[in-house]
Amino acid sequence: MPTLHPLHNQVSSTLQTRHNIPVNPQWLDTFLTSRGPNPPPLPALVSTAHFRILASDITTTVSPTSPGEAFPEDISDVNVKERRLPGTVIAQVLDVLDVGSSKWSQVEAIERVERGEEVRGREVIRTVHGLGSDNNNDGDALGGVNGTAAPIPSSASKPLSVGPHKLLVQDARGTKVLAFELVKVPKIGLFTPASAALPASARNQSGGGTAPTISIEDPGLLIGCKVLLRPDTVVRRGMVLLTPETCVVLGGKVEAWDRKWKEDRKQRLIALVREENAARGGG
């Protein structure tokens with residue numbers, strides 16, 4: 001067995017006791033070795049390792065040390081009426097769906113953002129960019145100054161989706177299962193503008209400056225986000241039931257997964273609508 005880094009046990013123990021993360025020994029040793037011969041203090045090492053784990057695939061960074069730290073292999077078996085998780089499980093979010101709103105209304109919300117529109121009560125408000133004259137050289141035509149584009153306004157002030165939400169989660173061993181938000185869980189929600197392409201007016205206004213952005217105060221649940229499921233979490237008919245008492249959103253995201261999910265979200269919703277219409281004989 002290869003010799004572990006001198007700080008391996010300290011960092012591993014701290015991650016376990018402070019964050020309930022049974023870190024993968026090989027991954028941790030590689031991480032510590034990459035810090036060089038003069039690594040930063042222990043608190044900084046733990047903080048950086050924790051951040052890296054939240055931003056990566058846990059099938060490579062987390063290694064359950066007991067059966068209770070992972071899902072049962074048959075957790076999705078709908079024939080099992082009810083069971084409870086025996087231990088603390090770290091999982092990552094692969095998909096999320098707002099089942100509290102119709103799928104088509106979510107498509108329409110995405111398209112409103114793409115058209116540069118917002119909804120205020122029953123009014124549709126169109127956001128207009130680039131109203132300056134062609135001869136204006138002070139940056140007003142770009143919606144900003146010094147040739148920089150102004151951010152898309154107002155959308156960030158809108159709340160996240162209320163839900164409830166249905167999630168697809170995966171543990172460190174790769175076992176996947178659906179989860180349902182039985183009671184509202186803090187930090188679980190979707191931010192619709194983040195799934196929309198920028199309006200054409202916003203895409204065209206950069207004029208060589210920085211790209212226009214959507215200012216986001218709370219981006220909602222991101223794909224690859226890590227959640228902690230506490231012991232006694234109920235699994236009923238192959239579905240994990242999420243409540244504030246048993247589910248804690250740890251945060252993080254896997255950048256590539258999240259970007260792909262947002263790009264495809266509108267088309268996935270449209271496909272689901274078509275499937276439902278076909279099942280009802282309506283399309």
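**Entry 1: conventions and overall view**

I take helices (H or I, at least four residues) and strands (E, at least two) as DSSP runs, numbered from the N terminus. I am working with a predicted model, in which local features need pLDDT of at least 70, side-chain atom pairs count only at pLDDT 80 or more, and totals for chains, interfaces and linings use all residues. Residues are numbered from 1 along each chain as its sequence is written, and side-chain values use heavy atoms, with hydrogens and water left out.

On this basis I find 7 helices and 10 strands in the chain. Of its 283 residues, 41% count as buried, where buried means under 20% relative accessible area, exposed over 50% and partly exposed in between (1.4 Å probe, protein chains only). I also looked up the contacts (heavy atoms within 4.5 Å), and among those in the chain with a separation of 6 or more, 74% are between residues 24 or more positions apart.

**Entry 2: helix α3**

I then listed the buried residues of α3, which are Leu45, Val46, Ala49, His50, Ile53 and Leu54. They cover an arc of only 165° around the axis, and therefore sit on the same side of α3; the arc is taken from the directions from the helix axis to the C-beta atoms. The cover over these buried residues includes α1 (8–19), α2 (25–33), α4 (58–61), β7 (226–229) and β10 (247–251).

**Entry 3: helix α5 and what follows**

I repeated the check on α5, whose 12 residues should span 16 Å, and the distance between its end C-alpha atoms, 17 Å, agrees with that. In α5 I find Gln106, Val107, Ala109, Ile110 and Val113 buried. Seen down the helix axis, the buried residues of α5 fall within an arc of 160°, so they line one face of the helix. Gly116 follows α5 and has a positive phi, near 80°.

**Entry 4: the second largest pocket**

The elements giving two or more residues to the lining are β2 (89–98), α5 (103–114), β5 (165–171) and α7 (255–279). The largest share, 7 residues, comes from α7.

For the method, I note that on a 1 Å grid over the protein atoms alone a pocket is an open set of points where a 1.4 Å probe fits, with protein on both sides within 12 Å along at least five of seven lines, and that lining residues have an atom within 4 Å of a point. About 280 Å³ of space lies in the second largest pocket, the volume being the space filled by probe spheres set on the points, which are joined across faces, edges and corners. I sorted the lining into 9 nonpolar, 1 polar and 8 charged residues, with Ala, Val, Leu, Ile, Met, Phe, Trp, Tyr, Cys and Pro as nonpolar, Asp, Glu, Lys and Arg as charged, and the others, Gly among them, as polar.

**Entry 5: backbone exceptions**

Most residues other than glycine have a negative phi, and most peptide bonds are trans. I found a cis peptide bond between Gly163 and Pro164, with omega about 5°, and Pro164 lies in the loop between β4 (123–126) and β5.

Lys187 is not a glycine, yet has a positive phi of about 80°. I place Lys187 in the loop between β6 and α6 (200–203), where it is exposed, with a relative accessible area of 59%. Arg237, also other than glycine, has a positive phi near 50° and lies in the loop between β8 (234–236) and β9 (239–242); at a relative accessible area of 46%, Arg237 is partly exposed.

Is Pro64 buried or exposed? Pro64, in the loop between α4 and β1 (82–84), counts as buried at 14% relative accessibility. Its C-alpha atom is 7.1 Å from that of Ala172, although the two are 108 residues apart in sequence. Leaving aside neighbours within four places in sequence, I find Pro64 in contact with Pro22, Glu69, Ala70, Ala172 and Arg173.

Leu178, in strand β6 (residues 176–181), is partly exposed at 35% relative accessible area.

Notes
Expected span 1.5 Å × (residues − 1).
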